[in-house]
Amino acid sequence: FIFYFLLYQKYTTMKTLISCCVCMLMVCVGKDAFAKIWRVNNGGASADFTDMNSAIAAASAGDTIQVEGSNTPYNFTNAKKLIFIGPGYLLTKNPKTQFDPNSANVYGTFSPGSDGSVLMGFVLYSTISLEANNVKICRNDGNGNTIQIGDNTGNTYSNDTIEQNYYVAISYTGTAVISNLQVNNNMLYYVTLPVTNVTGVFYNNIVNSTLTVSNFLLENNIIDGDTTGIASTNVFKNNILYNGTTTAVNGNGNFYVAPFTNIFVDWTDLFTSTTGTDGDAVLKTGSPAIGKGVGGVNLGVFSGALTYVLSGMPPVPSIYQLSVPNTINTSPMPVTISIASHN
């Protein structure tokens, strides 16, 4: 079916061809899981919409919005339960990602009413504001930008998840009460959460700069930055630190390592946007983080229940190689498609 579809589309542009193939594959694998899939592309290719807010307005709760790569950022304000899927990031630095190397850059707000939404596979162009319950922000490149949780109206939010993200910061605003925040398997620029109002768990992360948390369970993390903001109200187990000075982290399997270049394949390049890549966070042979976690697991993002996925590839089929003749000499037209899945 895909081959005949490609033949029918022989006069379209290559970019439109790739986008349509991806959409069809997603429909095939996801029609039972999602009510409807909408396509958004502001780069010139034919799609349902050119902006995310128009797609949100048309979508029903439970729908999926597939946002395609572009050099122009997208913004959104969402108050529905929706799944947003981008193409991933660092697409030229890891194998079997996407044929089209452009990422989708986004910024926006999950407003009250967007409970249960998902955002995955994007590059953050600016801040993502989180003001809802059970929202999952996963497999994104923060590009040094912030996921900001909370609001100024004192609402209560619970069970949000921030996981498997690269180079992202987490901060808090306002007077909201945040409970059971799940922060797992991220490469974090910094984390600044208040002494009160926010509780949760913090597993298998790498923190490059300041970590300020209270009332959390922290296990199997690798923390380079200042840990003086780690309060004694935390439960802190089996973490590596570099320059922490607070007595709250002593014992319980926690230990200090210097330099961090002994831990990773390339620590010095990990958070360098021009030359670094997420694969730099792999533990090198003989790393002191191997087997030092709770239960004998490794520390860092490539361990635990939800291991980090290179390039934030979403768990749907992706076309990473496509060969189509420039001219049609035979019927049917020979087409070669290489597809990978990233669960």
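This is a predicted model: local features need pLDDT of at least 70, side-chain atom pairs count only at pLDDT 80 or more; totals for chains, interfaces and linings use all residues.
Where does D160 lie, and between which strands?

Figure 1. Residues are numbered from 1 along each chain as its sequence is written, and side-chain values use heavy atoms, with hydrogens and water left out. D160 lies in the loop between strand 10 (156–158) and strand 11 (161–163); strands are DSSP runs (E, at least two residues) numbered from the N terminus.

**Figure 2. The surroundings of D160.** Leaving aside residues up to four places away in sequence, D160 touches L130, A132, N133, N134, V135, N180, L181 and Q182; contact means heavy atoms within 4.5 Å. The C-alpha atoms of D160 and D115 are separated by 9.0 Å, and the two residues are 45 residues apart along the chain.

Figure 3. Strand 10 runs parallel to strand 13 (residues 177–184), and 3 bridges join them; two strands pair if DSSP finds at least two bridges between them. Y157 has I178 as its bridge partner in strand 13. Strand 11 is also parallel to strand 13, with 3 bridges, and E163 stands opposite N184 there.

**Figure 4. Strand 13 beside strand 15.** Strand 15 (residues 198–203) runs parallel to strand 13 and is joined to it by 5 bridges. L181 stands opposite G200 in strand 15; L181 is also one of the residues that D160 touches.

Terms used: Helices (H or I, at least four residues) and strands (E, at least two) are DSSP runs, numbered from the N terminus.
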